[in-house]
Amino acid sequence: MKKYLTGFTLAAVAAITLSACGGGDPMSSSSTPAGGSGDSIIVGSADFPESQLIAKIYAEALKAKGIQVTEKPSIGSREVTIPALKDGSIDLMPEYGGALLQYLDSATKAVTSEEVTKDLATKIPSGLTLLTASDAEDKDVLAVKKETADKYKLKTIEDIKPVAKELVLGGPPEWKTRLNGVAGLKSVYGLEFKEFSALDAGGPLTLNALLSGQVQVADLFSTDPALKDNNLVALEDNKNLFLSENIVPVINAKKSTDTVKETLNKVSAALTTEDLITMNGRVAKFEDIGEIAKEWLKSKNLG
Amino acid sequence: MNYLFDPRHWTGADSIPTLIGEHLLYSLIALAIAAVIAVPLGIYIGVTGKGVFLIAGLANALRALPSVGLLILLVLLISPAFPSKMGYILPSLIVLVLLAVPPILTNTYAGVRAVDAAAVDAARGMGFRTMKILTDVQLPCSLPLVLSGVRSALLQIISTATIAAYISLGGLGRLLIDGKAQNDYSQMVAGAVLVALLALFFDQLLAFITRRVVSPGLTRRTIKSASAAEAVKTPVTV
């Protein structure tokens with residue numbers, strides 16, 4: 001009895017000591033990442049399909065110009081990817097203007113595309129550069145089923161207020177603490193939901209939860225073809241909590257050569273919101289992201 | 001470690017005690033279901049020798065199932081039928097039960113098989129009926145192996161129950177998943193440490209229970225201490 005108690009204590013102490021060692025960020029690397037020289041660009045993306053698709057388009061467009069590209073898809077949420085851009089683990093990423101601005105400055109008052117672009121230029125961390133934003137936009141939308149919208153007469157997010165206590169909200173886990181998530185819904189709209197269900201970022205789990213009734217209100221993306229396919233109602237964001245989200249390449253200033261800039265700006269100019277809805281629909285049908293990206297580039301004479 | 005020692009994290013909805021409670025609830029329910037399935041099945045296969053292929057094939061194949069993948073597949077299949085939390089709880093429990101069945105099943109089978117044939121023969125010779133042999137000879141003799149199967153099953157369940165958080169349920173996985181999404185490593189470390197401590201605690205608890213319930217005649221340790229007690233006694237009587 002005494003013997004194994006000692007063993008247990010030892011193991012417990014070891015566990016605590018071990019975990020205490022890595023005080024800082026265990027994923028950070030102090031050394032410069034491999035392939036950080038010359039024209040080679042490391043393209044990263046967030047952990048949802050559209051970000052991966054746009055990153056793929058960037059990568060293929062750059063490759064077509066003879067630039068060496070390494071891809072690091074599906075890294076994670078902004079809380080992970082922005083530090084990765086800063087420390088040089090990745091060089092280039094497709095970003096969404098509004099969400100990026102709110103991440104960098106949670107007190108921002110910017111709402112329209114112009115305001116967001118203007119504010120972003122001053123808030124972007126040193127060492128990083130924003131290229132020209134695309135007209136293509138993918139906003140967070142709060143979606144409800146048609147039945148729910150009819151039952152509670154919901155048109156705008158504000159309409160939820162009287163019934164919020166009966167509804168469960170579904171979204172990605174980072175929404176718990178984010179301003180353009182649970183925190184903003186409470187401070188801007190005064191919404192306090194019955195519960196928040198941490199699922200994925202507008203992915204299959206969230207959509208499935210909304211359709212099968214585990215959640216009644218879900219965070220989806222405006223370019224998600226599932227909205228139309230499932231007859232969902234995207235509630236109007238009448239108090240502009242979710243600001244404009246034009247797609248913009250964020251790049252390490254050192255890697256932003258003229259060829260790179262020109263190539264990516266052409267991609268941004270050609271990309272439209274409708275293109276994204278169509279391409280997202282193909283991704284949802286498990287078509288190869290690489291093929292979709294190449295076909296799009298070819299159709300715009302960029303491949 | 002700051003996360004762990006911040007008093008704010010010890011009360012409220014997503015507090016550490018609540019998460020530990022949820023974690024244990026999922027784990028123990030899954031273990032109970034797994035034991036109810038695997039122990040009788042293991043005994044049956046061990047005693048009759050029928051269906052050994054189940055052990056060699058099915059049980060071992062189950063071990064290779066990727067838990068997270070299976071979980072998401074089950075959520076997509078099952079949750080439309082249950083428009084409530086049950087749509088997530090059920091898939092999580094199935095995954096955990098599938099994880100826990102193989103170690104319990106194989107160990108129960110091996111335990112029953114390994115019982116000394118002479119002991120069974122002796123019992124039969126003394127007029128014991130088959131059922132009596134099972135309950136009085138075979139089961140007590142195989143208990144150490146059965147319990148060690150339960151022990152490794154519980155260890156796996158406790159460490160794997162973290163995936164329930166992936167589909168919005170509670171448990172200590174919440175700290176890992178939320179911590180990762182929010183880039184809050186102190187929260188993740190807290191989750192990892194707590195899962196490890198919980199697993200260690202229950203492993204030791206089961207080790208303790210094993211020592212208590214297994215017949216002293218089956219373990220070398222108690223024989224030793226018995227003979228030591230005799231050795232102490234001997235000089236007194238002489």
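## Terms and model

Helices (H or I, at least four residues) and strands (E, at least two) are DSSP runs, numbered from the N terminus. This is a predicted model, in which local features need pLDDT of at least 70 and side-chain atom pairs count only at pLDDT 80 or more, while totals for chains, interfaces and linings use all residues. Residues are numbered from 1 along each chain as its sequence is written, and chains are lettered from A and ligands numbered from 1 in the order in which they are written.

Chain A holds 12 helices and 10 strands. Of its 303 residues, 42% count as buried, a residue being buried if 20 or more other C-beta atoms, placed from the backbone, lie within 10 Å of its own.

## Helix H7

In helix H7 (residues 179-189) of chain A, the buried residues are Asn180(A), Gly181(A), Val182(A), Leu185(A) and Tyr189(A). Seen down the axis of H7(A), these buried residues fall within an arc of 165° and therefore line one face of the helix, where the arc is that of the directions from the helix axis to the C-beta atoms. Just after H7(A) comes Gly190(A), which takes a positive phi of about 70°.

Within chain A, S5(A) and strand S8 (residues 217-221) run antiparallel and are joined by five bridges. Val141(A) stands opposite Leu220(A) in S8(A).

Note on methods. A residue is buried if 20 or more other C-beta atoms lie within 10 Å of its own, exposed if 12 or fewer, and partly exposed in between; C-beta atoms are placed from the backbone. Two strands pair if DSSP finds at least two bridges between them.
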